[in-house]
Amino acid sequence: MIRIASLDLHRDGQPILQDVTARIPPTGLTAIIGPNGAGKSTLLHCIAGLLVPHAGKVMIGDDDIATLKPQDRAHRVALLTQSPAIVPRLSVRDLVAFGRWPHHRGRPKQQDHDQVDEALALFDLNDLEHRKLDSLSGGQRQRAFVAMAYAQSTPWMLLDEPLAALDPRYARDIMERLHNLSRPGPDSRSVVIVLHDLGMAARYADWIVSLKDGQLVHSAPREQAMTTENLSALFDTGLAVQTVGGKSIVIPV
Amino acid sequence: MYRVAVIAGLALLVLASLLIGAADLRGGSVDSYLLVMVSRIPRTVAALLAGAGLALAGAVVQLAVQNRLVEPGLTGTPESAMAGLLAVTLIAPGAALMVKMIVASLAALVGTFGFFALSRHVPRQDPMLLPLVGLIYGGILGAGVTWFAWTADLVQYVGIWQSGEFSGVLRGRYELLWLIAIMAALLYVAADRITILGLGDDYARSLGLNARQTLLVGLGVVSATIAAVVVTVGSLPFVGLVVPNIVSRWRGDNLRANLPLIAVLGGASVLAADVIGRVIRWPYEIPAGTIFAVLGAGLFLWMLYATPKQATSR
């Protein structure tokens, strides 16, 4: 369980997060949604421990993320963030292997190589493992970064807009894989995603954390949070939640 | 396979460097053994070490600021090293070489961190912006150094530091460059950490890396290397830009895997520039820095125009 308590964060005098209190259940997939500038990405970075809030705290299990040592933090949460400024010319395998860094710190053991193999297989990267990242399509590259976060073997995976600039096919593919990962099982992960695409949130999320103007609106199961009224109020525009073939969809009205 | 070619090429260059020069080894007028031991071998080793160090420093800087168009000559590093040297020369003219070197390294480190701090405020959308900022930053520092030298009547010294050449290298006057071998070893140990740094601050920190410490080690290696080169042979532009970019295109960005190749190609290309400089106007010499600047500028333009998307954009 992640518990976010009274988080306050401001930048250049502007409040980014104000008194945000929420919880994220350990099982399933959580989507953080809200309009542009709502503070979603900032919240995710606070959860990852990379941003320190000016007030309040984030508890992962029984530990305050801000007081964990960087090495310990890297065993709890893996973060997929915006792509680096330049695409590194690393092979897919090298990149995924860096996900094991917190475990071996430069001296990989057999177990680390096995974990890399597993991550490559799970994200269908075996055929691409020796290709350089800059020779891949955006979707393939993003999959490699997700595999790297997976290889970190942390109970929590945090992803900041992993679908940005992806074709529907690739976006869908990545969401399916993350959704499957978050199902209960021996190697299940708790997945938290900042999502722009409400359709994806409606389709795959179990839990919703919604933000507007730096304040929490909902921290609730998807069915409760993603209703026509709630979404229309959250985004200040007409949105309707419908059920088609047993699946929720969001359409502008 | 390519390893054999690279090593064979290097061996040929070394041989050429040992045989070619103003004095003819076959003539009876000079003691050939003495000439080789006192001048040719030190000169060859100095060019190899300086080139390797500059190329590695370039690779580190490019990963640290995540921009392939930056090199130590564009981060104010040599100019700050010169400022440190100038200060020692004025305050304690008789100081030991090692003292001068340490002061130059520390000054270089301060100057490089200044650029790094500046780089955080430069928008990343256009990769050309950061090298331009570096050019201006280095220019301002360089102007300060020149003015300072002029008022102290030390402009000659600055001239020597600014143009890299190897004709003055003799046994007993280049050994400081072996520091670069130590720096390369240190870099090899830290290579994975520096590659991770190249993924960006967020990734580095979320992998539990002490990003600040790694940056300090990386830029410390860069500063010490550049200071050693400036003190012994003078600064050589473009090496840190061209060589790491060629290796990156050819073999990728994994620093640990490619560090030996970057070092060898850096050393070989500077040695080649030095040998060419000895031949063109024989028996007179053209500084290796000048030769490399001409060749390097050509290569750099080719790099920019050949596949601009790959070289610069995201």
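## A salt bridge to start with

R189(A) and D187(A) form a salt bridge, with their closest N and O atoms 3.9 Å apart; the term here means a side-chain nitrogen of Lys or Arg within 4 Å of a carboxyl oxygen of Asp or Glu. R189(A) counts as buried, at 4% relative accessibility, while D187(A) is partly exposed at 38%. For those labels, buried is under 20% relative accessible area, exposed is over 50%, and partly exposed is in between (1.4 Å probe, protein chains only).

Some ground rules: this is a predicted model, where local features need pLDDT of at least 70 and side-chain atom pairs count only at pLDDT 80 or more, though totals for chains, interfaces and linings use all residues. Side-chain values use heavy atoms, with hydrogens and water left out, residues are numbered from 1 along each chain as its sequence is written, and chains are lettered from A and ligands numbered from 1 in the order in which they are written.

Over all chains, the search turns up 18 salt bridges. One of them joins D206(A) to R183(A) at 2.6 Å, N to O. D206(A) sits in the loop between α8 (198-204) and β9 (207-212) of chain A, and R183(A) in the loop between α7 (168-181) and β8 (190-194), so this pair ties together parts that are 23 residues apart in sequence. (Helices, H or I with at least four residues, and strands, E with at least two, are DSSP runs numbered from the N terminus.) D206(A) is partly exposed at 28% relative accessibility, and R183(A) is partly exposed with a relative accessible area of 28%.

In chain B, R68(B) and D253(B) meet in a salt bridge at 3.0 Å, N to O. R68(B) lies in the loop between α2 and α3 (77-91), and D253(B) in the loop between α10 and α11 (255-280), so the pair ties together parts 185 residues apart in sequence. R68(B) and D253(B) are both buried. Back in chain A, there's also a network of salt bridges linking D124(A), R143(A), D173(A) and R177(A).

## The nonpolar cores

A nonpolar core here is a set of buried Ala, Val, Leu, Ile, Met, Phe, Trp, Tyr and Cys residues joined through side-chain atoms within 4.5 Å. The largest one has 142 residues, and the members touching the most others are V92(A), L133(A), L178(A) and F166(B). Helix α2 (residues 32-65) of chain B gives the most to this core, 16 residues.

Which residues does L178(A) contact, leaving aside neighbours within four places in sequence? They are L29(A), V146(A), M157(A), L159(A), V191(A) and I193(A), where contact means heavy atoms within 4.5 Å. A second, separate core of 29 residues includes L7(A), L68(A), V192(A) and W207(A).

## Where chain B meets chain A

The contact draws 33 residues from chain A and 27 from chain B. About 2,700 Å² is buried between the chains, with carbon and sulfur atoms giving 56%; buried area is the accessible area (1.4 Å probe) that two parts lose on being put together, summed over both. On the side of chain B that touches chain A, the elements giving two or more residues are α7 (179-197), α8 (201-206), α10 (239-251) and α13 (308-312).
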